[in-house]
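Open the structure in your viewer and keep the selection tool at hand. We will go from stop to stop.

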Amino acid sequence: MALAFDEYGRPFIILKEQDQKTRLRGIDAQKANISAGKAVARILRTSLGPKGMDKILQSPDGDVTITNDGATILEQMDVDNQIAKLMVELSRSQDYEIGDGTTGVVVMAGALLEQAERLLERGIHPIRIAEGYEMASRIAVEHLEHISQKFDFGTTNIEPLVQTCMTTLSSKIVNRCKRHLAEISVKAVLSVADLERKDVNLDMIKVEGKVGGKLEDTELIYGITVDKDMSHPQMPKQIEDAKIAILTCPFEPPKPKTKHKVDIDTVEKFQTLRLQEQKYFDDMVQKCKDVGATLVICQWGFDDEANHLLMHRNLPAVRWVGGVELELIAIATGGRIVPRFQELTPEKLGRAGLVREKSFGTTKDKMLYIEHCANSRAVTIFIRGGNKMMIEETKRSIHDALCVARNLIRNNSIVYGGGSAEISCSIAVEAGADKYPGVEQYAIRAFADALDSVPMALAENSGLQPIETLSAVKSQQIKENNPHYGIDCNDAGTNDMQQQDVFETLIGKQQQILLATQVVKMILKIDDVISPSDY
Amino acid sequence: MASMLQPQIILLKEGTDTSQGKAQLVSNINACTAVADVVRTTLGPRGMDKLIHDDKGNVTISNDGATIMKLLDIVHPAAKILVDIAKSQDSEVGDGTTTVVLLAGEFLKEAKPFVEDGVHPQNLIRSYRTACNLAIEKIKELAVSIEGKSLEEKKSLLAKCAATTLSSKLIGGEKEFFASMVVDAVIAIGNEDRLNMIGIKKVPGGNMRDSFLVNGVAFKKTFSYAGFEQQPKKFLNPKILLLNIELELKSEKENAEIRLSDPSQYQSIVDAEWNIIYDKLDKCVKSGAKVVLSRLAIGDLATQYFADRDIFCAGRVAEEDLHRVAAASGGTIQTSVNNIIDEVLGTCEVFEEKQVGNERFNIFSGCPSGRTATIVLRGGADQFIEEAERSLHDAIMIVRRALKNSTVVPGGGAIDMEISRYLRQHARTIAGKSQLFINSYAKALEVIPRQLCDNAGFDATDVLNKLRQKHALPSGEGAPYGVDINTGGIADSFSNFVWEPSVVKINAINAATEAACLILSVDETVKNPKSESAQGEAAASAMGGRGRGGGFPGRGRGMRRR
């Protein structure tokens, strides 16, 4: 920041280290901010839609991520600019709230900023632009409500849910077997959903992956998989109708937490101690046997002595199972976590139809499947794929699909995808603009133009002529008064998204528009940027 | 130094920077005006925001005067006073922080020509004080009381005050929505003086409209151990037990040591330890509570124990949240599980764990004593929510103030214009210099409407002339006219519901005048070099090598202002 001078020509310092700070204000600040925002949007633009491209991201320590999930790309890009960070957060909050549409929201915000720049050049006050955008977003959201459709689904009729999840997955690398994955996602969500409270806790769905096999081998397990094997190699590999004791205490003599010391001064005492320790092991195993457990899952380890004893008594056991997995196992099998051997009772055992150890291909990797659980409230999606990056990307895609299914359970309204909803909103906003007197009208029109950018990007990414395609679809929508026409990205021969079965959730779309408007307003409102100059 | 012929009397440490006299005063005024200029553009509904990021990389985007002043990190001694008044306005009334800085800056600016002309600052100060008193009298006279209205009416009036505050903020687009939320929250806590009874929780994601008010307490799910998910997540009319003890298997005394000589007794101490914790847990269960909260950890053992008995528990609840739950549910925080009687248990209508954005929240709603409220804020970005929180804080303060003092004045610069007119009129009756000073005080007050216009991009002179004309009407009917931000003309602020609690204005004028007088009364600054030696070097090099080593040590007339 430049030094201020008083009448006598002496500089005076008002701020700490004032000359080391840079300050950007007025229209310059706004322009700089807008171009930062636009730059971020430009990066993501090519990732939009079913024909969108992926990005490869390398982290400082060499990990490689390949994805086309907007939130992930931005997260990994590690942007430095403050305004760009806002865009990252924008995409993140779409991810938190909806889980899907993270690319779309950034593209939308970028388009809004681009339009705002033009308006600023005309000398329109930034706040009035922001206000106009806000009015326009309200029109758009109402219009979306208007063109949305409710559809019914039940535990038996999952087809509509699967269709919507397929739309989400179609833009991902996994679209080869999107049908398969979509079905898995929907079934998983439905099995953990609380349909009455419309609440879905996604924590109850464990997404696990293992390199190898084909994507098609991905499966839904009504139970839990654990990346562990039996504690002793000679233990049975398969247990049917298992009764599982879930323990959080080690197979060891208990240790008091208070500091203690046992004075051993005679051989006899040592003998008793030794005997007692052995008795502990014996008792513990006996206790498990007594209540009828056929499998022990333990949060802690146990030493070879205990291991041998368990083997000897024919009681298979798994050790070192993490707390979260333990909990999921308890939920899946309907068992209770037992902190102490004395507390074991037959009712506290979990039940599973089948517990088996499975090895994969030629590798030595083994996993423990606890499946066929009656009335399972926790499920696992087990992903197979050619390489690690593929599995990671599949995990992210499945997360998106799970979120979509969850949103539909919360609110079963949908709109049609393929840019049809945006085009329809654009028409509605454009028409609504004329009703507003004042400068805001311009901003509302600009908003309508910005809405067009999403289908435009879709068309561009699909190798179509953007302007031609968009104008054709737009006129078709108006002519036939049908908001279901969108961009035919997959070259299916029809523009009608209803026929193509391309759905998106209403709340996801509304959220996109609202969030993008919100962030753009925030960016427009800044007219003064004060920062340390080495930034 | 030694080479000097005449020995100098050295009073101060070498390098001490002192400056004095008229020039010092002018320089101080300049610094203050420069600071006021920084926040100038944030005033009013069309005010802009500032993005400030410090060298640690923290970023704040704000429109709140006090926040900006705090973050600017002002080192100029005189200008620091402005920061202080912004802070005091913030803690006293919560809003009007920009106004107060702007007013102080303007008072000083008006005083500058007089100082330069050789008027004694004390004369100025005296007149300013008189003018200030007169202005406050006038505000009190003009204020409209909302006392004695029905609750419904009062609510809508308060909502209007809150909306005026919020209109200049980022969440201005949804001001009605938030205003009513704020009013509900403030009314919910009633006359409770502790502001922390209104909790504001921030959850990124969602849009502003997804924010909601819980008539009770809400907090984020705490860290949980295995077994937690097996606990029931919804209760109707549960009894709530609040604890401040650890429910964990651990050593009871830090330094205790047990010595055993007989190994067979080993089991007995193990059992003894378990019995202690089981005893505690059992007492919790026996009390009949269905929700157990503790400020300290609730271990995995306890979690599973409670899960087995269909009880919900949460450990490591933040202290203020726990206090809020206590206030809301009517329970008392216990430090022991012995003798838990029914009276210490709280209750609420519904307890539920719910998904909010990416987080799971524990929500207690419909609390009987209802002296708490929690606002869960949603928004697209962290910065956004931070700013929204600051804005809501302002609004909450305003509503509380209005509720207590229950008088309001028209906003939009109307009250400032009216006082200005009144003071000008009054000035005419005074003989002597004071007339000029009070006139300039009156002129300074006009800065508020002028800045409102400037920020909105209107022609300030034009609007101000219209306003002056309206306010000069002899019938007095023009008094509530202020700037109309939508059309660029003037409008009756009162009937447009642009209202501010009168205490905001009174405090702002008072604080601004105080600050201006304080700065005017300073004529010498003595700066100790040591504390700012690093700074001195930077400034010295900036001043073209006129370092302090080669100057005139000890002589105060160097006037090296930094």
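Where in chain A does A:Asp488 lie? Select it and look. A:Asp488 sits in a loop of chain A, between helix H14 (466–480) and helix H15 (497–500). Keep in mind that this is a predicted model.

**Stop 1: around A:Asp488**

Is A:Asp488 buried or exposed? Its relative accessibility is 11%, so A:Asp488 counts as buried, the cut-off for buried being under 20%. Now show its surroundings. Setting aside neighbours within four places in sequence, A:Asp488 is in contact with A:Leu464, A:Gly493, A:Thr494, A:Asn495, A:Met497 and A:Gln500. Pick A:Gln500 from that group. The side chains of A:Asp488 and A:Gln500 make a polar contact at 2.9 Å. In sequence, 12 residues separate the two; from C-alpha to C-alpha the distance is 8.8 Å.

**Stop 2: where the chains meet**

On the chain A side, 85 residues are in contact with 104 residues of chain B. The size of an interface is often given as the accessible area lost when the parts come together. Here chain A and chain B bury about 8200 Å² between them, with 53% of it on carbon and sulfur atoms.

How many salt bridges are there between chain A and chain B? The count is 8. For one salt bridge, select A:Asp527 and B:Lys50: their closest N and O atoms are 3.7 Å apart.

**Stop 3: the nonpolar cores**

Select A:Phe251 and B:Phe306. In the largest nonpolar core, which has 117 residues, these two touch the most other members. Helix H11 (residues 388–410) of chain A gives this core its largest share, 10 residues. A second, separate core has 115 residues, including A:Ala41, A:Leu57, B:Leu158 and B:Val183.

Go back to B:Phe306 and list its contacts. Beyond neighbours within four places in sequence, they are B:Gln231, B:Leu247, B:Leu281, B:Cys284, B:Val285, B:Val292, B:Ile311 and B:Cys313.

**Stop 4: B:Glu110**

Last, move to helix H4 (residues 97–116) of chain B and select B:Glu110 there. B:Glu110 counts as buried because its relative accessibility is 13%, and the limit is under 20%. Which residues does B:Glu110 touch, not counting those up to four places away in sequence? Show B:Tyr128, B:Ser440, B:Lys443 and B:Ala444.

Notes
Residues are numbered from 1 along each chain as its sequence is written. Chains are lettered from A and ligands numbered from 1 in the order in which they are written. This is a predicted model: local features need pLDDT of at least 70, side-chain atom pairs count only at pLDDT 80 or more; totals for chains, interfaces and linings use all residues. Side-chain values use heavy atoms; hydrogens and water are left out. Helices (H or I, at least four residues) and strands (E, at least two) are DSSP runs, numbered from the N terminus. Buried means under 20% relative accessible area, exposed over 50%, partly exposed in between (1.4 Å probe, protein chains only). Contact means heavy atoms within 4.5 Å. A nonpolar core is a set of buried Ala, Val, Leu, Ile, Met, Phe, Trp, Tyr and Cys residues joined through side-chain atoms within 4.5 Å. Buried area is the accessible area (1.4 Å probe) that two parts lose on being put together, summed over both. A salt bridge is a side-chain nitrogen of Lys or Arg within 4 Å of a carboxyl oxygen of Asp or Glu. A polar contact is a pair of N or O atoms within 3.5 Å; within protein, one must be able to donate a hydrogen and the other to accept it, and residues adjacent in sequence count only if both atoms are side-chain atoms.
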